[in-house]
Amino acid sequence: MTAGNGTVAEIRIAKRTGFCYGVREAIDKAKEASAAGKVTHTLGQVVHNEGVIRDLQSLGIETVDTLDDVDTGAAVVIRAHGVRPDVMERAASRGLEVIDGTCTWVIQEQKEIVKLVDEGYTIVLLGTPKHPEVVGLLGFAPNAIVVDEEEDWEQIPRRKKMALISQSTQPPWKFEKLAAFMVSRSHELKIVNTVCPVTIRRQEDTLETAREVDLMVVVGGRSSANTKELTRLCGIVGTRAIQIESVRDLTDAAAFKGARVVGVTGGTSTPIEDLHAVAQRILEMAGTAEARKNAAALADAAFALAATPAGRTTSLPTTLAAAG
Ligand code: SF4
């Protein structure tokens, strides 16, 4: 906390934030399995969010790094990113109960990439090389060429028959730019647009909020591609943005100096409840005298406007969803 009052009078939380449906479903599946009395593990962290992992641990759901850490007969939840097909086979052969939390959109991507392999295309996959979703996809198409930033693109060979596909959370503009670039690399180019619609809507809503406020706070994993992109987009519309991982990173009231209206948005792995906590903290830390006094109520109001079933593509705490 700082001495003296700040300038923030209002917080706006971007619509359609919170977990994407893929992440929410994987978490729900893990909780359901545990509630049914199964010894439940998740293969890798379902989401890189400490609060969520703690919540799962309190229910007895542990994260494991490999299938070797799971006892025969126990349940193992595959997270939304999906896995290589051999991981599924190995889990089954070890007698584990596989609970497939692979997002339906990612399953679609996997099917599309298999089709491209069968059709004989040289495949270019736009994605972050070691990202679990990309690793999973490469299990279906081991020869696919993974490219990320523009400086990688020169390594794309010239082939007669090429196909382009994307990791779900890549920015649409990058996918379009790469598609244009690849026109000169091939005679026949097949483009399969697998950029996830949730990612696109979130970017639109973040832009809408960024245009209305003096400063944006973007909440999400430091290395998360979709979070970084949200920060970048705020800059494109001329709104300064601070990227944080959680409310604990909000320690410097000076960053909010002069800002009256602050917007808050989050990546697809950030629970919407975290955005509420961030909103309240900003008001307590950098609010006007009035805003500091009413920080909780103002944060509640901003949350209620954003977290409506009508405006969501994602998910809400069950109480809110039921109320809608
Ligand atoms: S971002 Fe889209 S594709 Fe990825 S897990 Fe979420 S809903 Fe599924």
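A residue is called buried if 20 or more other C-beta atoms lie within 10 Å of its own, exposed if 12 or fewer, and partly exposed in between, with C-beta atoms placed from the backbone. Helices (H or I, at least four residues) and strands (E, at least two) are DSSP runs, numbered from the N terminus. The model is predicted: local features need pLDDT of at least 70, side-chain atom pairs count only at pLDDT 80 or more, and totals for chains, interfaces and linings use all residues. Residue numbers start from 1 along each chain as its sequence is written.

**View 1. Strand β2 and its buried side chains.** Strand β2 covers residues 40–43. Thr40 and Thr42 point one way. His41 and Leu43 point the other way. All are buried. In a regular strand, side chains alternate between the two faces of the sheet.

**View 2. The partners of β2.** Strands pair here if DSSP finds at least two bridges between them. β2 pairs with strand β4 (residues 75–78) in the parallel sense, over 4 bridges. Thr42 has Val77 as its bridge partner in β4. β2 also pairs with strand β3 (residues 62–64), again in the parallel sense, over 3 bridges. Here Leu43 has Val64 as its bridge partner.

**View 3. The shell around the ligand.** The shell holds 14 residues. A residue counts as near if its C-beta atom, placed from the backbone, lies within 6 Å of the molecule. Cys20, Gly22, Cys103, Ser168 and Cys196 come nearest. α1 (21–35), α4 (104–118) and α7 (197–212) each supply at least two residues. The largest share, 3 residues, comes from α1. By class, the shell has 9 nonpolar, 5 polar and no charged residues. Ala, Val, Leu, Ile, Met, Phe, Trp, Tyr, Cys and Pro count as nonpolar, Asp, Glu, Lys and Arg as charged, and the others, Gly among them, as polar.

View 4. Arg16 sits in the loop between β1 (10–13) and α1. Its phi is near 50°, a positive value in a residue other than glycine. Arg16 is buried, with 20 other C-beta atoms within 10 Å.
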